[in-house]
Amino acid sequence: MSTGAGIDYSAWDHVYISDDEDVTSPHVDTQSLFRMRHRARLERMVAFQQRGEELENNISECKRLLEAGQGRLKELEDGKKEGDEEREAELKKVQAEVNKLKKDEKSFQKMIEEYRREEKKQPWDVDSISKDGFSKSVLNIKPVTKEETEKEKVEKHKTFVQKYAKEIKHFGMLRRWDDSQKCLSDGPHLVCEETANCLVVICIDFQIEEKPALMEQVAHQAIVMQFILDLARTLKVDARGCFREFFSKIKAADKPYLDAFDQELGLLKDRIRRCARARVENTVKELEEEERQMRLGPGGLDPLEVYQSLPKEVQKGFDEKNIQLLQEAMGKLGVEEGKYHLRRCIASGLWVPQSGDSDDEEDGEEEDEEDDS
């Protein structure tokens, strides 16, 4: 059946009428009859499908055996020798099997064609008129994102850098826009905050090593990554899906956009230089503190600090390593001042008292205490 507009409706000529549209006798349970008819139709459909699956399996097995037989036949023909009766007999046997398999294949092929013609003639019903193209359920619920702790962020950054350190350094050394875009296309996992942070750390290391040209090159790539991440936040999309848009934009950018890029690059370079200086200063302070700790005397005082606090004449005695000059310089000081400097020299290790010196000092302290009382 077709209309004058050219639309063919013949596919609907064999639609199976639903079971519940039949007029039934008032003496029969209608619902039970409908269920029985539906179950019988489903059983027929399953049997028909099984028949088709068996035919497909049979022809697949036949093709497999035929391919193996043809391979064996070719081997026998290639190794054929005159007067070899045993090989001749086996060759004839394999040839007969191959011929039989070819006939079986043709027979199965005809049966499958007949099955498919019969399948097309099957009437449509409520169970076969349509099938699900796909089935998917989507819940419009915002996922609960757990905020990472500072320790987790540090561990995540450390793991990422260890895994992709070589790729990050390669990206940091690129100069052309096209090369940078290709690098990120080959490795989109690099488009993330961890890469930007790692590039900044590399810049600081180069600045400390007094390699300003390399620092400026990597800083340029760090700003490229930061601009890509900022663009993704503005568009509210995954950064891995918008880095191509950034490169298209930067290559055709007007002067204000390029000026903004250069300004951010300049600010980053300044921050890197400040961080590098601060790191060097901290390192120097740590080394000085380690040296100071190693210099500390038995009483916990730094001999260098104690020496610098001594009067000039006492310093001269230490410089010349002249004990008589030290004693004369100490004698010129007042009693309290002399004891103060002597205690500090002993505590710092500048002066190593003899047993008699320490006893005299203790006796002097006892006499002072008696006078006070």
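Q: Is Gln-217 buried or exposed?
A: Burial is read from relative accessible area: under 20% is buried, over 50% exposed, and partly exposed lies in between (1.4 Å probe, protein chains only). Gln-217 has a relative accessible area of 9%, so Gln-217 is buried. The model is predicted: local features need pLDDT of at least 70, side-chain atom pairs count only at pLDDT 80 or more, and totals for chains, interfaces and linings use all residues. Residues are numbered from 1 along each chain as its sequence is written, and side-chain values use heavy atoms, with hydrogens and water left out.

Q: Where is Gln-217 placed, and which residues is Gln-217 in contact with, leaving aside its neighbours within four places in sequence?
A: Helices are DSSP runs (H or I, at least four residues), numbered from the N terminus. Gln-217 belongs to helix α6 (residues 212–235). Contact means heavy atoms within 4.5 Å. With neighbours within four places in sequence set aside, Gln-217 is in contact with Gly-172, Met-173, Leu-174 and Arg-175.

Q: How many aromatic pairs does a search of the whole structure find?
A: A pair of aromatic rings is described by the distance of the centres and the angle of the planes. Rings of Phe, Tyr and Trp (its six-membered ring) pair if their centres lie within 6.5 Å; planes under 30 degrees apart are stacked, over 60 edge-to-face, and the rest tilted. The search finds nine aromatic pairs. In one of them, Trp-177 and Phe-246 have ring centres 6.4 Å apart and planes at 80 degrees, so the pair is edge-to-face.

Q: Which parts of the chain does the pair of Trp-177 and Phe-246 link?
A: The pair links helix α4 (residues 177–186), which holds Trp-177, to helix α7 (residues 243–251), which holds Phe-246, 69 residues apart. Trp-177 is partly exposed at 25%, whereas Phe-246 is buried at 0%.

Q: What are the values for Trp-177 and Phe-261?
A: Their ring centres lie 6.0 Å apart with planes at 75 degrees, so this pair is edge-to-face. Trp-177 is in helix α4 and Phe-261 in helix α8, so the pair ties together parts 84 residues apart in sequence. Phe-261 is buried, with 3% relative accessibility.

Q: Which residues do ring pairs link into a cluster?
A: The cluster consists of Trp-177, Phe-227, Phe-246, Phe-247, Tyr-257 and Phe-261, linked by ring pairs.

Methods:
Helix = DSSP H or I, 4+ residues; strand = E, 2+ residues; numbered from the N terminus.
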